[in-house]
Amino acid sequence: SWTPSRKHQRTSGPVEVTVRDALNQAMDEELERDERVFLMGEEVAQYDGAYKVSRGLWKKYGDKRIIDTPISEMGFAGIAVGAAMAGLRPICEFMTFNFSMQAIDQVINSAAKTYYMSAGLQPVPIVFRGPNGASAGVAAQHSQCFAAWYAHCPGLKVVSPWNSEDAKGLLKSAIRDDNPVVFLENELMYGVPFEMSEDSQSKDFTIPIGKAKIERQGNHVTLVSHSRFVGHCLDAAAVLAKEGIECEVINLRTIRPMDVESIETSVMKTNHLVTVEGGWPQFGVGAEICARVMEGSAFNFLDAPVTRVTGVDIPMPYAKILEDHSLPQVKDIIFSVKKTLNV
């Protein structure tokens, strides 16, 4: 039988944990804590998950709590929403969020709008989770970012973690939340290990939804990003620091509700703003940040226009060299920072 790796065992002090294992811990702890919680999706049970995020959970909790589904997103997302309405707390896994388009009517019309349309009588406590955004070499239909799609819709909360601590703390908060939460993971981050503090190894550890985190302090320019590209921003900041440019890097963590206050506070300090995301530019997360900064009190503190670094405005190409040119690279962030600072 499956036993937790050393990474799962409680130790004192910080430990290295992959994002995959952090998500696994979060689900394991919440399944144990509340018997109304269950997981359903394609390959989540006997196969241990398409990306092994649910490894060991079926062996531990059995068929009633970890449920393999047919390849029918519209069907199983609908079953999950109905279960949430009936008082359970489902975690509905999409093998990738590209497939959530098969079920977008259930996510938006059945889950997001019901609490409002029932005048607050019918909550829908459900988490839709899975990998979002571009992976590698899977072409246009499997490579898009849904952060802007779902964050557009009132009634949903939309969460986009970067590291292991984000993944664990935010997934636990999402499962405990009485609203539908869209939880956007990233396939390329699953195997990446991050140090997790002693606090975050506790079963009581959660991260509040709707609060951004400053990952690096700086006073020349603010970089705002979410998911995998937070790492790119930190890499760019390390290079720029050698040239005397100090970047403040903000990890959004949550896309909706967006923590505009943290962005504004930083902009008032640095007077410059660059947004970074893997999604398309038009009506994207960066576009929304631009608008909110324009409309708010931080606008008067800007010394230069806000710059967006985004994915390219095309369906994702299949060829690797074209794919690389379609997503933000560290050099693109460095270029945009220098342009914004007029260096």
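**Close-up views of cavities and a surface patch**

**Figure 1. Lining of the second largest cavity.** The residues that line the second largest cavity comprise nine nonpolar, six polar and no charged residues. The model shown here and in the other views is predicted. In total, 15 residues line this second largest cavity, and those nearest its centre are S143, G278, W280, I314 and M316. The volume of the second largest cavity is about 110 Å³.

**Figure 2. Lining of the largest cavity.** The largest cavity has a volume of about 140 Å³. Its lining consists of 14 residues, and G133, A134, N186, F229 and G278 lie nearest the centre of the largest cavity. Sorted by class, the lining of the largest cavity contains four nonpolar, eight polar and two charged residues. Altogether, five cavities of 30 Å³ or more are present in the structure.

**Figure 3. A nonpolar patch on the surface.** Three residues, M101, W149 and W280, make up a nonpolar surface patch. Together, M101, W149 and W280 have about 280 Å² of accessible area.

**Figure 4. W149 within its helix.** W149 lies in helix 6, which spans residues 147-151. W149 is classed as partly exposed because its relative accessibility is 36%, a value between the limits of 20% for buried and 50% for exposed residues.

Notes: Residues numbered from 1 in each chain as written. Predicted model: local features only at pLDDT ≥ 70, side-chain atom pairs only at ≥ 80, totals over all residues. Heavy atoms only, no water. Patch = residues over 30% accessible without salt bridge, like charges linked within 9 Å, V, L, I, M, F, W, Y side chains within 5 Å. Areas by Shrake-Rupley, 256 points an atom, 1.4 Å probe, with all protein chains shown as cover. Salt bridge = Lys/Arg side-chain N within 4 Å of Asp/Glu carboxyl O. Helix = DSSP H or I, 4+ residues; strand = E, 2+ residues; numbered from the N terminus. Buried < 20%, exposed > 50% of the residue type's maximum accessible area, 1.4 Å probe, protein only. 1 Å grid on protein atoms, 1.4 Å probe; cavity = no way out; pocket = protein on both sides within 12 Å on 5 of 7 lines; lining within 4 Å. Points joined across faces, edges and corners; volume = space filled by probe spheres on them. Nonpolar A, V, L, I, M, F, W, Y, C, P; charged D, E, K, R; others polar.
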